Structures are given as structure tokens and as C-alpha cells.
Amino acid sequence: MKKKCAILTLLSLILMNFTAIAQAVPQSLSFPCDSFNGIVGKNNVSLYEIFESDRDAFYDDFTTLQKSGDGEAYVIFEIPYADTATLTTYHLPSEAMDFSFAVSNDCENWQIPAYTKEIKEEEGKWTTYTYILQNLSSASDIVSKPTATPTSTPTADVTATDIPIPTTTPTTTESPLATAEPVVPPEASASPNPQNDAGPNPIPTEEESETNPCTISAPQATTCPKENNEQNICKPSASFDINENQIDKPAVKGVSSLSEETTTLSGMDTRYLKITWPATPTWWTPLVAELNVTCTEPIPQRIEINTTEPWVIPLYDTNTYPLSAVLLDQMENPYPAELHAEITCDTLAEIFYDNENIVISSEYPEGALLKIRFSSEEFKLSSEKSIRLKKALLGDLNQNLILEEDDLNIALSYLGKTENSSDWKNCRLADINFDGKIDVLDIAFIARNCKI
């Protein structure tokens, strides 16, 4: 029997260890750019569906994010607990210009994360850039402004006709994705005017209207409000003109290195990732194909005591005040845990409280300092707060240490009550002169002294 129990105990411990390991595995999130899911702010960006006959050039992909027109373009993803992010983008071979990135925990203060870059080239296909952003959840990460210095390797010659350049046909707003017709680009040279270089040009629906970057304060997370539903500034065109000189042969491919210009993430965990398009000769490129993110587990960081003041020594009997605290994780989100309350005072022999409330007696001395301590035995965390007891004010019926209109209204509702009234216990604070009744003398005192 003992041997059997030992085996069961061992199996139980193994199972518990596997469960703990499973819980510690980071969560992976994928944003395939077939919707605006996860995006809380965007500017000059639309959804785009690649026509079926062109998908081979995009590695069988069929949905991307693209610029809606010339000018600054960015998206902001809300991804709490983000640790690593991998972004896949499609570029014309001649446009070796990097996206830029910024991370924030409040959508107001932004810092530049370190990243590496992998470049993939295949004949007849768009060049794929894979950006890898790591250690976003570490407060001591070194971040860099990357400078692309790929390792040089021979590449295949790529001509204009090797890569399908999609163009636009008019679409309706019934679908959030625009569909492009396949076309072989003509040899005529392209105009630098983006109004003439009309590439894929989806018409945004109401839900695709431009949104402001987030302007909220931590730790709350809300969706940014939409601005007016602006239409695309670029007109649809039946063709996209480009010549062979515009698509240079890629000189090199490989993994980029990082420059030495660095700053430090100052105690910050990532909630928001901002991705900004580079300014390229072709206004609608490059395209964003997919974002994959690995998130860390919530980690308990600190205990916040929410118990509010003042605590007033009552004129009669007792006052009861709630005790409240919450354990917060690294993103300032509540973390479920059992917290234990402890209250001490050097001048009081006995204090009546439990984990949820404290009872203040009318016999307590004015000025007594109560020290509140909440702790988590499981996570070895604690927090303290001190509250000094205040003496009650005559006429302060709501006991917030302010004589105000609310007190006067309460007293007026008690007018005519006497110590023989069944609810006298609730009304007696309005008896200013302690004569066992509430009359105009009591009302006059409160009215004369309250702040109206």
C-alpha cells in the first residue's frame, strides 16, 4: 500500500510539474492582415486582396496591408505582454527601405526596439523582409536604430516582367478588401507623381476609416476614436507604368546588423507596437503580409492598496470602512491572488477588522495612526499604507469631513425627528445641540457653516 501511495504521489508531482510548465509557455498570436484585428490606431492604411493569378509572386499569400495614398502611413497594434514580434513584408527589389518600429506601454511614450532582418529573394517573386523584434517585455533591453548592412551573396537577375505588379479596377465598398486585376507592366517609364502611379487602390469602408494614434493613459486600454471617413486621395487607374530601370537587381541579401546608436527601455513592458511604412518611390509599396507575436505570461509585480480616506471617529457607536487591495502584474493589470490584511497601531490596544472591513470606535483617540499592510504569501509581495484617524465634525452627516450641501439636504430630510423616532439612531447626527430633536436650530447651524 505504501509503495502504491508513493507511486501515486510521484505521478501527481510529475503532473503538477507538467501543468506548471504548460502554464508558463508563452502565448502566440498571429495577425494575417486579412482584417484590422488587433489594430487600435492607423493612418493612411487599407486592406488589400491579391488577385488569385498574382499570388504565386507573393508566396501564395492573398491579403496584405498597404498604404492608401502618398504620405505617412502606420498602424498601431495593441498586444499586451508582447515579448517577441516577427513582421513579414513584401518589397520591390529596388526599394530596399526598412519599416520603422516603436513600442509603448501607454501609447504616449514611444521607444525604438532592437531588431534583426532577414531578406528572402526568389526569381519572379517579391522580395520578402522578415523583421524580428526580441525581448520587448524586458525592462533593461538595449534598443537600437537598425542600419541595414546585409551580408553580400550572389542573387539572380530580376527584370520588370519577372514580378507581377498588380493594378486596380474600380471596386465597391461592399467588401473591406480591394481586388486587383493581374497585369504585365508596360515598358513606358513611370511618372513620379503618385496620382499617376496608381497602384492597388482599395476604397475604405466605414470600418476602415482613418483612426488617430492612441492618446490614452496607462493602464487602461481603449480603442482609439475614428476620425472622419476620408476617401482615398489616389484615383484608380487602368494600368501601372514602370520601366526596367525602376526594378534594380538586388545587390545583396541576408541578415542585417545593428548600428551602435542605442537607448534603454526605461522600466517599460510592451502593450503597443507601432509599425511605420518607409517612404518609397512607389507610393503604395511595400506591403505588410503578417505579424506574429509571442507574449509572456503575466507576472505579479506589486500590491496596490485601494482603501480610501478619511477614516472618521464617529460621535456615536462605530463606523465601518472597507479594506481593499489588488495584486498587479507587469502591465498594471489585476492578477488573481489571495491577499492578507494586517492593521497595527501603536496607541490602540485592540483593533477590530477582518480581510474586508475595519470598525472604527467612537472611543478611539483623535490622531491615532493606523498602519495597513496587505501581503501575498504565495508571491512574497507586500504593500503598506498609513491612515490617521480624524475627529468628526458637527453637522457632517455623510462623514467626509466637509460641511456641504449634501449634509444640509440630509438634515432637512430628518427635520422633526426626535429621540422617540424609530430611526433616531440614523438621524441623531443631525441633532447638533444634543437636545433629542432635530429642529430649525440644527438646520440653521448646518446651513450657516456648510459650503454651498
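Here are legends for a few close-up views of this predicted model.

Residues count from 1 along each chain as its sequence is written, and side-chain values use heavy atoms, leaving out hydrogens and water. Since the model is predicted, local features need pLDDT of at least 70 and side-chain atom pairs count only at pLDDT 80 or more, while totals for chains, interfaces and linings use all residues.

**Figure 1. The whole protein, for orientation.** We've got four helices and 25 strands here (DSSP runs numbered from the N terminus: helices are H or I with at least four residues, strands are E with at least two). Of the 452 residues in the protein, 42% are buried (under 20% relative accessible area with a 1.4 Å probe, protein chains only; exposed is over 50%, and partly exposed is in between). Take the contacts with a separation of 6 or more, and 74% of them link residues 24 or more positions apart (a contact is heavy atoms within 4.5 Å).

**Figure 2. An open sheet of four strands.** The order is β2-β5-β14-β7, with antiparallel pairing (strands pair if DSSP finds at least two bridges between them). At the edges stand β2 (39-43) and β7 (100-104); each has a single partner strand, so one side of each lacks a neighbour in the sheet. On average, neighbouring strands in this sheet are turned by 15° against each other, ignoring direction (axes are lines fitted to C-alpha atoms, with angles running from 0 to 180 degrees between N-to-C directions).

**Figure 3. Zooming in on β7 and β14.** Serine 100 sits opposite threonine 276 of β14, and serine 104 faces tyrosine 272 of β14. Four of the five residues of β7 are buried, so the strand is largely enclosed by the rest of the structure.

**Figure 4. Tryptophan 126 in its loop.** This residue lies in the loop between β8 (115-120) and β9 (127-133). Tryptophan 126 is buried, at a relative accessible area of 0%. Tyrosine 59 is 67 residues away from tryptophan 126 in sequence, yet their C-alpha atoms are 8.4 Å apart in space.

Figure 5. The largest cavity has a volume of about 50 Å³, the space filled by probe spheres set on the points, which are joined across faces, edges and corners. Its lining includes Leu315, Asp396, Gln399 and Leu429. By type, the lining has six nonpolar residues, two polar and one charged (Ala, Val, Leu, Ile, Met, Phe, Trp, Tyr, Cys and Pro are nonpolar, Asp, Glu, Lys and Arg charged, and the others, Gly among them, polar).

Note on methods: 1 Å grid on protein atoms, 1.4 Å probe; cavity = no way out; pocket = protein on both sides within 12 Å on 5 of 7 lines; lining within 4 Å.
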